[in-house]
Amino acid sequence: MNQDKILHLDTIVHAPVRLAILSILVTAENANFTFLREATKTTDGNLNTHLTKLEQSGYIRIKKTFKGKKPQTICSISRKGAKAFELYLEQLDQIVRRQKNKT
Amino acid sequence: MNDQEVQKEIVIIKKMIEKTRRETAESGHFFMAIGIYSIICISAMGTLNFFNLYDLSQAVMIVMLAGDGLIGYITVFRKEKKEKVKSYLKTICYSIWAACAIPTIIIAFLFPYLGVISRSLVGVLSSLIMGIAVFSTGIIFESRIIIWSSLAWWAGALVMAFLKVIPQPFIMVIMIFIGWIMPGIILNKKYRSRSIGNESR
């Protein structure tokens with residue numbers, strides 16, 4: 001039987017880039033677009049797509065401001081996002097335990 | 001999802017958390033800058049007190065507190081604007097320092113003039129409050145040395161309670177060195193080692 005189906009892994013969190021973004025935002029109060037791009041080693045367009053998906057799911061909040069004349073995108077995790085991340089970690093832990101028990 | 005995939009995800013999470021922690025590490029510049037400036041001002045105050053120039057000493061105290069505020073603004077708020085990541089820890093730490101600075105100002109300026117406390121108690125009470133700020137900083141940044149250095153403030157407060165106004169500034173200079181500059185150096189060392197680690201990855 002497929003373990004993912006039993007645990008209902010959150011597909012929004014499951015993607016590596018989105019998982020990386022949430023890992024950063026759960027540690028910090030907020031992070032800007034540049035830091036997220038550098039840390040996740042992804043392109044502007046790719047990061048934008050993932051951020052939009054996370055925002056649409058209500059997992060993160062995106063605030064667009066101006067720093068002088070330069071536009072700035074600041075992201076922070078929402079309560080829903082933090083809970084989803086926590087649940088995802090618990091599920092990972094469960095998978096590890098199950099596989100340990102099998103062996 | 002197999003074991004390898006889980007391990008890959010755990011590695012991603014760990015890496016990202018570590019990168020964020022490095023980026024948000026406290027540089028210690030705030031503590032060192034305020035510490036050095038305060039030592040200069042307090043030494044001047046001690047010298048003026050020695051020559052019974054109390055009014056001039058009070059003027060130096062005003063300059064010191066205004067300067068501390070300016071240094072705080074430059075090292076904390078202006079730097080924060082340039083930062084890519086904002087951390088909860090720093091926000092909490094700076095809030096505690098601000099919360100401790102306000103009662104210190106009230107004790108140093110308002111209370112002696114209102115006749116609530118004598119001048120000799122200003123240093124004692126201020127040191128007790130500064131001890132709280134340093135202790136909290138140590139807890140926030142998980143540094144035992146900083147936690148221990150807060151004892152310098154409380155021990156100094158006890159010593160000053162038995163001293164007159166004149167020698168108090170000289171005790172405070174020692175306390176500032178142990179309780180501000182030393183924690184600043186420790187935080188800076190940690191910050192530098194983290195930055196080097198960040199560059200090499």
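Some ground rules. This is a predicted model: local features need pLDDT of at least 70, side-chain atom pairs count only at pLDDT 80 or more, and totals for chains, interfaces and linings use all residues. Residues are numbered from 1 along each chain as its sequence is written, while chains are lettered from A and ligands numbered from 1 in the order in which they are written. Helices (H or I, at least four residues) and strands (E, at least two) are DSSP runs, numbered from the N terminus.

Now chain A. It has six helices and three strands. Along the sequence the pattern is α-α-α-β-α-α-β-β-α. The C-alpha trace of chain A spans about 60 × 25 × 20 Å along its principal axes. Of its 103 residues, 32% are buried. Buried means 20 or more other C-beta atoms within 10 Å of the residue's own, with C-beta atoms placed from the backbone; 12 or fewer is exposed, and in between is partly exposed. In helix 6 of chain A, the buried residues include A:Phe85, A:Tyr88, A:Leu92 and A:Ile95.

On to chain B. Here we have seven helices and one strand, in the order α-α-α-β-α-α-α-α. The C-alpha trace of chain B spans about 75 × 30 × 30 Å along its principal axes. Buried residues are 32% of its 201 residues.

Next, contacts. Two residues are in contact if their C-beta atoms, placed from the backbone, lie within 7 Å. Take contacts in chain A between residues at least 6 apart in sequence: 54% join residues at least 24 apart. In chain B, residues 24 or more positions apart account for 72% of the contacts with a separation of 6 or more.

How do the chains meet? The contact takes 21 residues from chain A and 20 residues from chain B. On the chain B side, helix 1, strand 1 (85-86) and helix 4 (88-114) each supply at least two residues. Helix 1 of chain B gives the largest share, twelve residues. By class, the chain B side has nine nonpolar, four polar and seven charged residues. Nonpolar covers Ala, Val, Leu, Ile, Met, Phe, Trp, Tyr, Cys and Pro; charged covers Asp, Glu, Lys and Arg; the others, Gly among them, are polar.

Back to helix 6 of chain A. It packs on helix 1 (residues 3-23) of chain B at about 145 degrees, axes 10 Å apart. Axes are lines fitted to C-alpha atoms, for helices over the stretch in contact, and angles run from 0 to 180 degrees between N-to-C directions. A:Leu92, A:Ile95, A:Val96 and A:Gln99 meet B:Asp3, B:Val6, B:Glu9 and B:Ile10.

Four strands form an open sheet, order 2(A)-3(A)-1(A)-1(B), with antiparallel pairing. Strands pair if DSSP finds at least two bridges between them. The edge strands are strand 2 (60-67) of chain A and strand 1 of chain B. Two bridges join strand 1 (residues 30-32) of chain A to strand 1 of chain B. There, A:Ala31 has B:Val85 as its bridge partner. Two bridges also join strand 1 of chain A to strand 3 (residues 70-77) of chain A, where A:Asn32 stands opposite A:Ile74.
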